Amino acid sequence: MIYRHFNAPSRGFTQFSHEIIRHPRLSSDAVRLLTWQLSLPQGARESLSRTAERARIGACAFGRAKRQLKEEGFVHERRVQVSGGRWVTQQLVSSTPLTADRAAKLLAREPVASSQVTPSPRNPVVGAPTVDGPVTPPTDGHPEKDREAETSNLPPEVVEESPRLEEARALVGALPLLSSALRHIPRGMRDELARLAARWLDDGHTSADVHEHILRGLPGAGTSVHRPGGLVRYLLRDVPPRELPPPHVAGRWLSARLEGTRECAGDHTQPMLFRPVGDETYCAACT
């Protein structure tokens with residue numbers, strides 16, 4: 001027999017439908033992510049990934065929760081290209097399931113933040129201001145200062161070359177085969193994109209992980225991509241932490257009591273579970 005003691009709060013609360021809290025197909029992480037978002041103040045622009053970070057939801061769990069919310073119609077998102085070739089992601093979180101058409105109409109009403117596309121003021125390369133105005137730069141000769149010192153948008157200098165750079169170059173070279181939207185990536189950008197992809201490989205991600213991440217970031221069918229190189233650079237800019245998948249035995253997930261254990265890759269008559277210290281795949285007896 002169970003007893004419940006509940007005092008309704010007088011302030012700092014949000015009303016949720018029982019359909020959300022008791023949803024049969026939403027995990028606890030998905031419900032927590034959705035209710036946290038719905039409890040934010042009106043006008044808040046906190047992204048789903050930031051909410052997951054504050055709620056201490058890991059990267060893999062966040063991916064599963066977000067996928068569930070999108071499948072059930074509580075979360076919709078789209079990528080739009082704004083002036084200057086920049087890409088922004090619009091996310092819509094709803095307390096009730098919405099169809100894709102309804103969500104698209106609601107997203108179309110929301111203005112895209114102009115601060116993300118406003119170009120920064122340029123610093124003059126040559127010429128010094130005078131009382132009457134700036135001096136017209138000469139057309140002959142060279143500027144007094146190095147051009148690199150006056151350019152604020154140059155790619156960061158690579159201090160140490162990644163040992164996975166060649167694999168990253170092959171990864172970038174295969175992008176046109178993934179989607180027709182990526183066929184026209186400028187050759188001049190491939191080295192930069194390879195350096196960004198190498199950071200993912202150095203962090204433990206596989207080439208398949210990177211390709212899958214890029215495919216998820218592409219706009220929907222029928223939406224043209226004017227600057228595919230800039231889109232890929234945007235998608236590879238941040239490297240998410242890599243988490244190992246939950247262990248399983250014979251096709252079923254382990255209970256909470258065995259969380260953190262892993263099946264030994266060695267030769268055992270029956271599945272041998274052990275608790276690894278790092279990334280080892282063999283138990284102490286096998287090693």
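Author: The model under discussion is a predicted one. Within it, Glu72 forms a salt bridge with Arg25, and the closest N and O atoms of the pair are 2.9 Å apart. Since Glu72 belongs to the loop between helix 4 (59-71) and strand 1 (75-81), and Arg25 to the loop between helix 1 (18-21) and helix 2 (28-38), the pair ties together parts that are 47 residues apart in sequence. Arg25, for its part, is exposed, with a relative accessible area of 52%.

This pair may be set beside others. In one of them, Glu166 is joined to Arg169, with 2.7 Å between the closest N and O atoms. Both residues lie in helix 6 (residues 165-173), three residues apart, which is about one turn of the helix. Glu166 is exposed, its relative accessible area being 56%, whereas Arg169 is partly exposed at 34%.

Arg169 also forms a salt bridge with Asp191, where the closest N and O atoms are 3.7 Å apart. Asp191 is located in helix 8 (residues 190-202) and Arg169 in helix 6, so this pair ties together parts that are 22 residues apart in sequence. Asp191 is partly exposed, with a relative accessible area of 43%.

Finally, Lys66, Lys70 and Glu77 are linked in a network of salt bridges.

Key
Residues are numbered from 1 along each chain as its sequence is written. This is a predicted model: local features need pLDDT of at least 70, side-chain atom pairs count only at pLDDT 80 or more; totals for chains, interfaces and linings use all residues. Side-chain values use heavy atoms; hydrogens and water are left out. A salt bridge is a side-chain nitrogen of Lys or Arg within 4 Å of a carboxyl oxygen of Asp or Glu. Helices (H or I, at least four residues) and strands (E, at least two) are DSSP runs, numbered from the N terminus. Buried means under 20% relative accessible area, exposed over 50%, partly exposed in between (1.4 Å probe, protein chains only).
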